[in-house]
Amino acid sequence: MNDQSKDTRRGRAGRKIDDLKADLIAVVVAVNEGEPCVLTIGQAKALPSGPFEFDHRSLQSGLREWVEQQTDQPLGYIEQLYTFADRDRIVAEHQQRVISISYLALTREEYASASAKRCWGSWYDYFPWEDHRSGTPPVLLEVLRTRLMEWAEGAPDAETCRERRRRAAVAFGFDDRPWNEELVLHRYELLYEAALVQEAARAGDSGVLIPVPGTSMVADHRRILATGIARLRSKIKYRPVVFELMPPVFTLLQLQRTVEALAGRLVNKPNFRRLIEQQELVEETGETTAETGGRPAKLYRFRHAVLDETVMAGTKLPLARS
């Protein structure tokens, strides 16, 4: 092999490395006044994020530095969420390939106040079809169903049409199928594929004329947020992570309302309380509160010994049947 060929290969390899960039991005969640909220910057259009730099001791420490620098929000519970590296996830004018390593972080309401540097917004502003606590959202039946059926009917052949209708029915609970609260990402990605969200228009799909309701975000941040919501909705069923969002002491009703806010569905109150007691997730403090407005309610705290026990369970969701 001659020297010119070697130089060409070295140059190509070097260009590939230089074109890669690693970003750290945070989905920080709190439940404020009964609403599941996400921490945002940039007029509520972006999640806190920044590049992974040489001076960062680790990925997590780098993420914590970026979040605190951009929002003054200290992070408590944190876990890695997913790595996003699709080549087309960044708009065309950016020639650099960006790999984003995302994390899910949970914080309590007492630490989740708004400030000039940060904004807490309901995650249902971004996904209004996901909140079923007051019944099926009108946007689901009045807008999404119609638009998705139009997309299915516009398929190039009958088989593709049937497959689109089936996927929409499974994801959104059409045709008497059950609503699965964990399919948050599936639903968003289907809307993206159907060019019904603003982000699809930015990606160059000229088919978007009137996006369905829901606040858009920069790049693929709404997709990352959907991934975080899906993870949390699933995890509260088998790990007691919901207590990372609760104050040190709380009533069982407050705990139930928090679970319902995250799931976007109501739970059966007697079944919920029975499961909490059976799993010994909480213990009484011996104190009561009159803030509930009725009879004084008992105050509880999370029983941390649960974390050391081999058999673990989360706050299983005995969902109310409509």
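Here is a short tour, from the whole chain down to single residues.

**Before you click.** This is a predicted model, where local features need pLDDT of at least 70 and side-chain atom pairs count only at pLDDT 80 or more, while totals for chains, interfaces and linings use all residues. Residues are numbered from 1 along each chain as its sequence is written, and side-chain values use heavy atoms, with hydrogens and water left out.

**Whole chain.** Colour by secondary structure: the protein chain has nine helices and eight strands (DSSP runs numbered from the N terminus, H or I of at least four residues for helices, E of at least two for strands). Of its 322 residues, 45% count as buried (under 20% relative accessible area; exposed is over 50%, partly exposed in between, with a 1.4 Å probe and protein chains only). Take the contacts (heavy atoms within 4.5 Å) between residues at least 6 apart in sequence: 64% of them join residues at least 24 apart.

**The cores.** Select Leu148 and Phe172, the residues with the most contacts inside the largest nonpolar core, which has 65 residues. Such a core is a set of buried Ala, Val, Leu, Ile, Met, Phe, Trp, Tyr and Cys residues joined through side-chain atoms within 4.5 Å. Setting aside residues up to four places away in sequence, Leu148 touches Ala168, Phe172, Phe174, Leu191, Ala194 and Leu196. Now try Leu24, Trp66, Val67 and Ile101: they are among the 16 residues of a second, separate core.

**Helix 3 against helix 4.** Show residues 138–153 and 158–172; the axes of these two helices come within 8 Å and cross at roughly 155 degrees (lines fitted to C-alpha atoms over the stretch in contact, with angles from 0 to 180 degrees between N-to-C directions). Helix 3 and helix 4 are therefore roughly antiparallel, a label for angles over 145 degrees.

**Ala171.** Stay in helix 4 and pick Ala171. Is it buried or exposed? Buried, with a relative accessible area of 7%. Beyond four places in sequence, Ala171 is in contact with Trp179, Leu183, Arg187 and Leu190.

**Arg303.** Last stop: Arg303, in the segment after strand 8 (297–302). Arg303 counts as buried because its relative accessibility is 16%. A polar atom of its side chain lies 2.7 Å from the backbone oxygen of Glu280. Leaving out residues up to four places away in sequence, Arg303 also touches Gln279, Leu281, Val282, Glu283 and Glu309, among others.

Definitions and conventions. A polar contact is a pair of N or O atoms within 3.5 Å; within protein, one must be able to donate a hydrogen and the other to accept it, and residues adjacent in sequence count only if both atoms are side-chain atoms. Angles under 35 degrees count as roughly parallel, over 145 as roughly antiparallel, 65 to 115 as roughly perpendicular and the rest as oblique.
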